[in-house]
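Please consult the sequence and the model shown here.

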Amino acid sequence: MESLESQKYPIGHFECPNPITPKHIEHWIDVLDRFPKQLNGTVQPLTDFQLDTEYRPGGWTIRQLVHHIADSHHHSYTRFKWSLTEDNPVIKAYNQDDWSNLEDAIKAPVSMSLMHIEAVHKRLVYLLKSLNEDDLNKSFIHPETNEKVYVKENIGAYAWHSSHHYTHIVKALERKGWITF
């Protein structure tokens with residue numbers, strides 16, 4: 001029986017390596033590049049009943065997870081752009097639980113967010129591949145923690161975020177016996 005903690009964090013928490021090497025950056029960008037196709041291949045065939053199933057007891061539904069990924073990665077793309085064009089900006093936080101309880105996250109077709117994720121990731125990967133060492137060392141301030149987040153760290157965080165939520169979906173489908181990997 002899986003613990004609630006292992007259901008919440010099936011791949012563990014993000015642990016940023018120190019130092020971050022070019023190999024880390026390359027790997028993370030590759031994860032971000034492959035993610036939309038991987039997510040689409042897993043989620044697109046699901047029925048509405050399956051999409052409206054919680055990924056864990058008390059958690060969001062698979063539909064809400066897909067819409068959350070679109071919202072979160074859209075925000076992340078904007079945060080990268082702010083970091084690259086402003087001097088250590090304080091970014092805007094948002095309440096992901098409130099966003100995930102809005103009507104579009106609860107009922108909208110996942111195809112809308114799958115297309116959005118694909119588009120955002122194409123732009124994001126294109127941008128990230130163009131960055132030099134100075135760009136990777138630019139940063140933003142997150143208002144909830146008041147901590148500086150470097151562009152290179154944020155690349156890793158969003159590669160982790162992609163894998164984290166993808167694993168939520170896969171594990172939920174496996175627990176239900178709907179797919180086996």
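The side chains of Arg-63 and Asp-52 form a salt bridge with an N to O distance of 2.7 Å; the term denotes a side-chain nitrogen of Lys or Arg within 4 Å of a carboxyl oxygen of Asp or Glu. Arg-63 lies in helix H4 (residues 62-85) and Asp-52 in the loop between helix H3 (48-51) and H4, so the pair ties together parts that are eleven residues apart in sequence. Helices are DSSP runs (H or I) of at least four residues, numbered from the N terminus.

This is a predicted model, in which local features need pLDDT of at least 70 and side-chain atom pairs count only at pLDDT 80 or more, while totals for chains, interfaces and linings use all residues. Residues are numbered from 1 along each chain as its sequence is written, and side-chain values use heavy atoms, leaving out hydrogens and water.

**Accessibility of the Arg-63 and Asp-52 pair**
- Arg-63 is buried, at 4% relative accessible area, where buried means under 20%, exposed over 50% and partly exposed in between (1.4 Å probe, protein chains only).
- Asp-52 is partly exposed, at 42%.

**Salt bridges within helices**
- In helix H2 (residues 22-43), Asp-30 and Arg-34 are four residues apart, about one turn of the helix, and their closest N and O atoms are 2.8 Å apart in a salt bridge.
- Asp-30 is partly exposed at 34%, and Arg-34 is partly exposed at 41%.
- Lys-107 and Glu-103 form a salt bridge at 3.3 Å, N to O, and both lie in helix H6 (residues 103-107).
- Lys-107 is exposed at 57%, and Glu-103 is exposed at 51%.

**Network and total**
- Salt bridges with shared partners join Asp-48, Asp-52 and Arg-63 into one network.
- The whole structure contains five salt bridges.

Technical notes:
Helices (H or I, at least four residues) and strands (E, at least two) are DSSP runs, numbered from the N terminus.
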